[in-house]
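Subject: Structure handover

Hello,

Here is the structure I said I would pass on. My notes on it follow below.

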Amino acid sequence: MTYLRHATRHLRRTLIDRVTGHLDDLDWTTTPPLGAEPLTIVTRRVRESEQITADANLVGIYFGEESDEAAAELGGGLSTVTTRMVCDVIAANDTYGLAISSDIKDCLTGRAPDYARVFALRDYTTEQAGVPRDDYTIEVVEVTRQRPETSETRMWWQVVVASIELTILGGDS
Amino acid sequence: MATVSFDEAAFTDGILTAMGVGTPPEAADRAVFVFADTSVATGSVDDEGIPFDVTQAPTRTAGVEVADVLCAIEFFDAVGQVADLGVLQPTKIKVTLLDAQYELVRGFDHVRIGGDKYHYRKTEPPIGLVTKTIWIVHCTAEDDT
């Protein structure tokens, strides 16, 4: 096992690339299905002073807290870290919101073709596309879709929340 | 029918004079509008443009600073109750600008006043005052000092 510094940055990027790549493949960002307007995807924290205009459909991806590293097996050198990925879907209507959030959920659960629930973390140190690491494994433990009850906005809002577990092989490097 | 004449220049000068009256005489005490830093990097970078390779560093350019902008600043003190997640009710300021002055600072990241830093939060929808447009910008203190 080779120590990967700032593994959290690589973990987040791996998950972001996975979701945005899937939405790209399904043409949500170019010529979307169902007559929808192209999707805007925001994958970083945006300063209030920045102006991001989303005329129709918007997906914002961010991450929650991260747990302590816990031993996954006694003496085996496996340890796990858990975190939470949140995808806010702000859509032009309820149907589009449900469709986009369903596609995100299918990607994360591995229900969509060519996707799995367990996959390798990608190391982006040298390659913009990332290089898979055999010793860092990501598992999407649970994926839920929620609909916040709000009457403050006309936009239709869905939230996909994924519990993520990163397993690191070999504590001694 | 009688017509009402409107002297736009005198009107604007009057407002700007009133704003000038409230401006601190010492240049160091006046508000400075600061734009966000920018950074450029090559290779594999994240969404902030920061390299994943820790041996690389982006080329960073400090944000532009705009000083001596005539505006009105109102201060709203608050009980800055600190909780685990931060300050719940930070101190705020409200900055009122005419359209020409607003264009000088549109898109700023924060305002520095007397050593304190107030982050941009939002801009109210513009309102008209005869031929002038009024912009009201809200900012929150980074920290209560």
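**Chain B: layout**

Chain B has two helices and twelve strands. The model is predicted, so please read what follows as a description of that model. Along the sequence, the elements of chain B come in the order α-β-β-β-β-β-β-β-β-α-β-β-β-β. Chain B has 145 residues, and 30% of them are buried. Among its contacts with a separation of 6 or more, 58% are between residues 24 or more positions apart.

Most residues other than glycine have a negative phi. B:Asp68, in the loop between β4 (65-67) and β5 (72-76) of chain B, has a positive phi of about 55 degrees. B:Asp68 is exposed, at a relative accessible area of 52%. B:Val130 also has a positive phi, near 55 degrees, and sits in the loop between β11 (127-129) and β12 of chain B. With a relative accessible area of 63%, B:Val130 is exposed.

B:Gln89 is partly exposed, at 44% relative accessibility. Its C-alpha atom is 37 Å from that of B:Phe11, a residue 78 positions away along the chain.

**Nonpolar cores**

The largest nonpolar core holds 36 residues, and the members that touch the most others are A:Met85, A:Ile104 and A:Leu108. At least two residues of this core come from each of the following elements of chain A: α1 (7-25), β2 (57-66), β4 (78-91), α2 (94-109), β5 (118-123), β6 (131-146) and β7 (156-169). Another core, of 18 residues, lies apart from that one and includes B:Ala31, B:Tyr120, B:Trp135 and B:Cys139.

What does A:Ile104 touch, not counting residues up to four places away in sequence? The residues are A:Val19, A:Leu23, A:Val59, A:Cys87, A:Val89 and A:Val160.

**Interface of chain B and chain A**

On the chain B side 17 residues are in contact with 18 residues of chain A. The area buried between the two chains is about 1,500 Å², with carbon and sulfur atoms giving 44% of it. B:Ser44, B:Asp47 and B:Phe52 are the residues of chain B that lose the most area to chain A, and together they make up 41% of what that side buries.

Three salt bridges are found across this interface. B:Asp109 and A:Arg47 meet through their side chains in a salt bridge, at 3.4 Å from N to O. Ten residue pairs are in polar contact between chain B and chain A, counting pairs with both residues at pLDDT 80 or more. The side of chain B that touches chain A is made up of eight nonpolar, three polar and six charged residues.

**Salt bridges within the chains**

Over all chains the count is 16 salt bridges. Side chains of opposite charge can pair when their charged atoms come close.

In chain A, A:Arg84 and A:Glu65 form a salt bridge, with their closest N and O atoms 3.4 Å apart. A:Arg84 belongs to strand β4 of chain A and A:Glu65 to strand β2 of chain A, so this pair ties together parts 19 residues apart in sequence. A:Arg84 is partly exposed, at a relative accessible area of 32%, whereas A:Glu65 counts as exposed at 53% relative accessibility. Also in chain A, a network of salt bridges links A:Asp123, A:Arg133 and A:Asp135.

In chain B, the closest N and O atoms of the salt bridge between B:Lys132 and B:Asp99 are 3.7 Å apart. Because B:Lys132 is in strand β12 (residues 132-141) and B:Asp99 in helix α2 (residues 99-105) of chain B, the pair ties together parts that are 33 residues apart in sequence. Is B:Lys132 buried or exposed? At 11% relative accessibility, B:Lys132 counts as buried.

B:Glu103 is partly exposed at 46% relative accessibility, and B:Arg106 is partly exposed with a relative accessible area of 42%.

Regards

Key
Residues are numbered from 1 along each chain as its sequence is written. Chains are lettered from A and ligands numbered from 1 in the order in which they are written. This is a predicted model: local features need pLDDT of at least 70, side-chain atom pairs count only at pLDDT 80 or more; totals for chains, interfaces and linings use all residues. Side-chain values use heavy atoms; hydrogens and water are left out. A nonpolar core is a set of buried Ala, Val, Leu, Ile, Met, Phe, Trp, Tyr and Cys residues joined through side-chain atoms within 4.5 Å. Buried means under 20% relative accessible area, exposed over 50%, partly exposed in between (1.4 Å probe, protein chains only). Helices (H or I, at least four residues) and strands (E, at least two) are DSSP runs, numbered from the N terminus. Contact means heavy atoms within 4.5 Å. Buried area is the accessible area (1.4 Å probe) that two parts lose on being put together, summed over both. A salt bridge is a side-chain nitrogen of Lys or Arg within 4 Å of a carboxyl oxygen of Asp or Glu. A polar contact is a pair of N or O atoms within 3.5 Å; within protein, one must be able to donate a hydrogen and the other to accept it, and residues adjacent in sequence count only if both atoms are side-chain atoms. Ala, Val, Leu, Ile, Met, Phe, Trp, Tyr, Cys and Pro count as nonpolar, Asp, Glu, Lys and Arg as charged, and the others, Gly among them, as polar.
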